[in-house]
Amino acid sequence: MGFPKRLGIYILILFIPIFYRWKWNENTVFVSSDPEIKYYQVIQNVDGGKAEECYFPAKEMGFDISMVPFGYPWAFFLKNGNCVFQYPVIFTWIQKIFISISSKKWITYIPILFFFFNFCLLDRILSRFEKRGLVLLFLVIFIQCLTPIFLSSLDYSELTLTNFFFLSAILSFYEFQREKQFRYGILLAVSIAFNFQLRPESTIALIFFLVLTFTFGKEHWKQIKNLTPYIFLCLALQFAFFIWNHNVYGHFLGMRGLNTVTDMESGGIQRHLIQEWVADLWGNDFKIGIFKGYPILILGLIVVWRERRSELFPLVLSGILFVLILPILSPYRAGVDIFGMRYYESGVYLLMTGAFLSLGRKTSLPTFLLILLPFIYFSYKSDSRAIKQWTSSAKLYHQVMKEIDTLQPDLIVHRGLSLSYLVGYSYIQYPQVAVYSNEDWMNVEKVLGGQKKRVLFLQWEGNKLVNEEFPESIWKQKFDINFTLEPRNFKILSEHSLAHFKGFLLEQKR
């Protein structure tokens with residue numbers, strides 16, 4: 001089977017995430033939690049603002065940026081008073097390029113586009129080792145769709161773009177070994193630099209792979225010599241990004257680096273390394289565990305020793321090292337249940353590429369499929385579990401959005417930040433602020449003055465901290481807010497239930 005036919009099948013598979021994104025978006029956009037912040041960054045940048053700055057439409061009504069309804073872990077105030085969102089601006093900038101030739105309504109589909117590009121890159125990488133077209137097709141599909149990697153196609157995030165640069169780096173490295181052409185060296189340097197800026201954890205997997213390839217390869221000193229100009233180019237690009245990050249965020253690693261260092265120095269996050277390691281790999285009450293959710297990854301542990309003398313060994317070993325070490329290296333693997341697996345995708349690519357190639361080369365296609373059959377069930381089960389949870393979240397999300405649209409407020413006021421994960425598209429439509437006391441509410445009344453505005457006051461009773469990766473002090477100051485609203489110049493017209501939130505519609509007294 002030639003590449004054009006395989007490409008046609010990859011395009012058909014692409015309709016699965018496209019269908020779910022269309023279904024979840026309905027007639028608007030489904031973005032909550034992390035994705036909503038990334039969406040606001042794009043909207044802000046497309047409309048002429050800076051991608052890194054906090055998007056705050058309520059400033060047009062006269063409200064100060066200090067009342068932005070977002071905080072840790074999404075929005076931060078720097079020492080100079082600027083409010084910034086923490087997610088990498090490269091993702092925003094690249095989306096802006098695509099939107100300039102299309103439309104804003106396609107923003108949430110852009111990660112799916114890069115998921116398709118990753119099919120093509122992975123096909124090209126695997127074709128270096130496997131020449132049978134049908135076997136190659138199954139290898140690519142299994143890696144992309146029967147591992148945690150598939151989850152990134154359903155999410156609105158920078159993950160598929162991160163994986164794009166990750167795979168581009170691996171492919172260009174292999175191609176440079178074969179031809180030593182200038183274009184492959186440039187692509188390698190740029191891919192590593194962009195990959196690091198998008199998600200530094202992913203670059204750790206890349207470093208493992210490159211170091212092991214040089215260690216176990218032939219003429220490694222000669223290879224390093226050939227790559228030296230591009231190593232310097234990569235370092236120069238990183239240095240340029242470091243300067244930009246430092247000027248904007250006050251830390252050379254950007255907002256994520258500043259956030260991590262601050263939390264570690266202050267003791268804001270308590271690490272329990274053994275418990276975290278077990279939870280990430282085999283699960284606990286809040287996480288499913290990567291090996292438990294996708295037992296197919298265990299194949300990599302099985303084949304690693306058998307491939308210790310082959311060219312596949314650096315792939316398998318670097319993947320195993322990354323998956324086993326990441327829970328200790330990184331304090332941030334946010335996302336309960338199945339969604340915490342997104343941080344492992346780079347290691348999964350390496351591990352499963354080596355494992356599947358090893359099995360595919362030593363067995364016939366029917367035997368290969370027979371071996372994988374039991375694992376396919378568990379992978380399908382985990383993928384379905386994620387889809388059901390996203391579907392349930394989308395239903396709740398649209399329920400809240402429709403209720404807000406029915407009330408048509410001129411301003412939405414949040415009691416604390418406990419509702420910030422479900423602000424979604426309403427933030428584009430309605431100005432919103434956060435208050436933490438009745439004194440803050442009095443400031444809202446002062447800003448509105450004599451304007452006849454309908455205000456929707458939202459609160460969440462009984463919200464509890466369920467994630468140990470959340471600093472307790474911030475929770476108490478910004479999230480665990482339970483004051484009773486005491487309006488002075490406004491009166492409560494009606495009370496409403498928006499999912500598990502309570503809302504009060506207020507209007508100024510005559």
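In which kind of crossing, left-handed or right-handed, does H5 pass H16?

1. The basis. This is a predicted model, where local features need pLDDT of at least 70, side-chain atom pairs count only at pLDDT 80 or more, and totals for chains, interfaces and linings use all residues. Residues are numbered from 1 along each chain as its sequence is written, and side-chain values use heavy atoms, with hydrogens and water left out.

2. The helix pair. H5 passes H16 in a right-handed crossing (the near helix is turned clockwise from the far one by less than a right angle). H5 spans residues 133-145 and H16 residues 345-362. Helices are DSSP runs of H or I, at least four residues, numbered from the N terminus. The two axes come within 10 Å and cross at roughly 150°. H5 and H16 are therefore roughly antiparallel (angles over 145 degrees).

3. Its contact. H5 brings Leu139, Phe142, Ile143 and Gln144; H16 brings Tyr349, Met352, Thr353, Phe356 and Leu357. Contact means heavy atoms within 4.5 Å.

4. The main core. The largest nonpolar core has 160 residues. Such a core joins buried Ala, Val, Leu, Ile, Met, Phe, Trp, Tyr and Cys residues through side-chain atoms within 4.5 Å; buried means under 20% relative accessible area, with a 1.4 Å probe and protein chains only. Phe63, Phe70, Phe356 and Val444 have the most contacts inside it. Helix H17 (residues 365-407) gives the most, with 13 residues.

5. Phe70. Among the residues it touches are Glu36, Tyr40, Phe85, Leu417 and Tyr427, not counting residues up to four places away in sequence.

Notes: Axes are lines fitted to C-alpha atoms, for helices over the stretch in contact, and angles run from 0 to 180 degrees between N-to-C directions. Helices (H or I, at least four residues) and strands (E, at least two) are DSSP runs, numbered from the N terminus. Angles under 35 degrees count as roughly parallel, over 145 as roughly antiparallel, 65 to 115 as roughly perpendicular and the rest as oblique. Buried means under 20% relative accessible area, exposed over 50%, partly exposed in between (1.4 Å probe, protein chains only).
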